[in-house]
Amino acid sequence: MPRRANGEGTWAQHGDTYEYRVTIDGKRRSFSGRTKGECRRRAKDAENAPKIDKKMTVAQWAPIWMEAYRKGNIAHVAYVTQNSYIKNHITPKLGKLQMSEVRPVHLQEFLQGYKARSWSMRSCLRLILKGMFADGIENNLCAENPAAALKIGSKPKRRPKAFTRDAVPKILNFAETHPYGHYIKLLLYTGLRSGELFALKWSDIHDGVISVQSALALTEDGYKEKRTKNEDDRFVGLRPEAIATLNAIPKISLYVLADKNGNRIKHSYFITRYHWFFRDLNATLKPTEQIPWMSPHKCRHTFATYYLAGGANLRAVQIALGHADIQTTQIYTSVDIETAKASIAHLDYSWRKNGEEAEK
């Protein structure tokens with residue numbers, strides 16, 4: 001029996017509801033409604049709906065999506081990371097599937113394979129998949145977003161690492177005589193991100209306050225100076241030790257940290273000398289006193305941890321760090337384990353013994 005053409009429908013009535021069966025694009029469809037007009041409108045909407053491109057695969061769409069929707073719209077570091085995840089993980093495992101045939105179960109099974117990986121990696125994979133399919137809908141590659149409700153589990157609560165109370169004095173004392181000690185002192189006394197320190201100019205410092213306006217960030221064309229992370233200037237007060245450190249640095253350039261030619265120091269130059277500092281420091285310490293190497297960003301964690309432990313209010317620390325959300329700053333309120341250990345000494349039950357004797 002030949003198929004009916006578009007628009008040639010049949011009717012059925014089920015109580016107070018009508019059912020309209022009609023052929024659309026070679027497929028028999030059924031539409032229900034309280035009136036025949038309602039059924040016809042639903043059928044017409046389905047007939048006029050954009051046609052889904054069922055040939056485009058995940059592997060074909062991914063690079064198009066990255067170029068059109070991500071490049072230039074997110075930080076270059078994030079772009080590089082997401083592109084790597086697509087090439088090394090998403091395309092090899094999901095690439096052959098057509099965009100229109102991907103179902104939530106396909107993506108959930110895919111993410112299950114990364115249970116042993118970090119939460120941040122799983123979160124990034126979910127972010128990519130959500131974006132790919134959300135923009136795929138707008139381009140008529142799929143009717144729904146199969147990544148909309150993907151689950152990756154709760155984010156683990158991890159305390160930020162900071163240098164210990166025993167380590168900080170050793171670091172700062174050694175920094176007084178080390179040729180690159182001012183790098184570490186400025187990180188510990190200001191809480192700046194390393195990229196912000198690289199971009200710091202002498203003109204940004206006035207009356208004991210740093211105006212943080214820009215940062216050195218990795219771009220497609222290498223490291224470039226850009227606005228700060230939240231694109232807002234912020235102000236960081238300087239302790240006398242920080243001011244003394246700055247006063248001891250020769251002003252041979254517009255930038256506070258410059259090489260011998262007066263150029264702003266490069267990221268690789270800074271990291272190498274940061275390594276040298278801790279290598280030289282540990283060479284002066286006993287094996288039992290060695291200070292584990294931690295990245296420059298841990299100096300920022302150290303600044304925040306002991307700034308709060310010293311009695312600063314949360315809002316003040318948030319402003320100094322440049323956090324857009326105070327909940328980001330909140331994580332530092334519970335990291336000072338050494339303070340917790342020391343303060344427990346104030347718990348005193350000496351009255352208990354006397355009380356027991358009194359009861360006798």
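**Ser295.** I looked up Ser295 and got 22% relative accessibility, so I put it down as partly exposed (buried is under 20% relative accessible area, exposed over 50%, partly exposed in between, with a 1.4 Å probe and protein chains only). Ser295 lies in the loop between α10 and α11 (297-309); helices (H or I, at least four residues) and strands (E, at least two) are DSSP runs, numbered from the N terminus.

**Ground rules.** This is a predicted model, where local features need pLDDT of at least 70, side-chain atom pairs count only at pLDDT 80 or more, and totals for chains, interfaces and linings use all residues. Residues are numbered from 1 along each chain as its sequence is written, and side-chain values use heavy atoms, with hydrogens and water left out.

**Cores.** Next I went to the largest nonpolar core, which has 40 residues (buried Ala, Val, Leu, Ile, Met, Phe, Trp, Tyr and Cys joined through side-chain atoms within 4.5 Å). Phe163, Ile171, Val256, Leu257 and Phe270 touch the most other members. Among the elements that each supply at least two residues are α6 (167-175), α7 (181-190) and α10 (267-283). A second, separate core has 30 residues, including Trp65 and Leu111. For Phe163, leaving out residues up to four places away in sequence, I noted contacts including Ile171, Tyr274, Phe278 and Met294 (contact means heavy atoms within 4.5 Å).

**α7 on α10.** These helices pack at about 95° with axes 9 Å apart (axes are lines fitted to C-alpha atoms, for helices over the stretch in contact, and angles run from 0 to 180 degrees between N-to-C directions). I therefore call α7 and α10 roughly perpendicular, the class for 65 to 115 degrees. On the α7 side the contact uses Gly181, Tyr183, Ile184 and Leu187, while α10 brings residues including Phe270, Tyr274 and Phe278.

**The sheet.** I found an open sheet of three strands in the order β4-β5-β8, with antiparallel pairing (strands pair if DSSP finds at least two bridges between them). β4 (205-206) and β8 are at the edges with a single partner strand each, so one side of each has no neighbour in the sheet. Between β5 and β8 I noted four bridges. Val209 has Gly237 of β8 as its bridge partner, and Ile210 stands opposite Val236. Which residues of β8 (234-237) form its covered face? Arg234 and Val236 do, and Phe235 and Gly237 form the uncovered one.

Definitions and conventions:
Parallel < 35°, antiparallel > 145°, perpendicular 65-115°, else oblique.
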